[in-house]
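Hi,

Here is the structure I promised to pass on.

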Amino acid sequence: MKVSVTELPFNSLLGIQIATDSAHLLELPAGDQYLNHLGTVHAAQLALAEASSGEFLLRHFRSTEGIVPVVRRLEAKFRKPANGAVTSTVTAAPTALEQLDAELASKGRALIPITVELHDQSGAHTLSATIEWFIQRSSVNDKNI
């Protein structure tokens, strides 16, 4: 059972952390290791978007015990070059979480799209993404993620 997606080995390696302000969910700190050939943060934003959607769901479920969440699709649009630290905000459609819970209870599986917006330290809107999660109830013999 994970307390936060920041504890997952890949996210930990990248340095993804819980945001320090309550307006954001997660943060990728500033660092030269994230820069591409243009000197901007690019590919690491996709990892931050996925991690943010996972953290959002983890907070909804409070743990992964009894469920198996898997990313089914990630659609992203890079909006502006990102510089410095990058933070995330996450939303789901108002009824999406209720529908998710109902489908898990009735069918044992469900899909849910999660919307993630990323902004860099200057406030520039750098990426918009929709991450679609497939979630199913795990059997007693399945290992928790």
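To start: what percentage of the 145 residues in the protein do buried residues make up? They make up 42%, where buried means under 20% relative accessible area, exposed means over 50%, and partly exposed is in between (1.4 Å probe, protein chains only).

Some ground rules before the details. This is a predicted model, in which local features need pLDDT of at least 70 and side-chain atom pairs count only at pLDDT 80 or more, while totals for chains, interfaces and linings use all residues. Residues are numbered from 1 along each chain as its sequence is written, and side-chain values use heavy atoms, with hydrogens and water left out.

The overall picture: there are three helices and six strands, running α-β-β-α-β-β-α-β-β from the N terminus on. Helices (H or I, at least four residues) and strands (E, at least two) are DSSP runs, numbered from the N terminus. The radius of gyration is 16 Å, close to the 15 Å that the globule rule gives for 145 residues, so the protein is as compact as a globular protein of that length. That radius is taken over C-alpha atoms, and the rule is 2.2 Å times the number of residues to the power 0.38. Among contacts (heavy atoms within 4.5 Å) between residues at least 6 apart in sequence, 70% join residues at least 24 apart.

Next, helix H2. H2 is mostly covered, with 14 of its 18 residues buried. Just after H2, arginine 62 takes a positive phi of about 75 degrees.

Glutamate 103 is buried yet has no salt bridge, and the nearest side chain of opposite charge, lysine 107, is 4.7 Å away. For charges, Lys and Arg count as positive and Asp and Glu as negative, with His and the chain ends not counted. A salt bridge here is a side-chain nitrogen of Lys or Arg within 4 Å of a carboxyl oxygen of Asp or Glu.

So where are the salt bridges? The structure holds three. In one, glutamate 55 meets arginine 59 (3.0 Å, N to O); being four residues apart in helix H2, they are separated by about one helical turn. Glutamate 55 is buried at 3% relative accessibility, whereas arginine 59 is partly exposed at 47%.

Another pairs arginine 72 with glutamate 132 (2.9 Å, N to O). Arginine 72 lies in strand E3 (residues 67–78) and glutamate 132 in strand E6, so the pair ties together parts that are 60 residues apart in sequence. Arginine 73 also forms a salt bridge with glutamate 132, the closest N and O atoms being 3.2 Å apart. Shared partners join Arg72, Arg73 and Glu132 into one network.

Cheers
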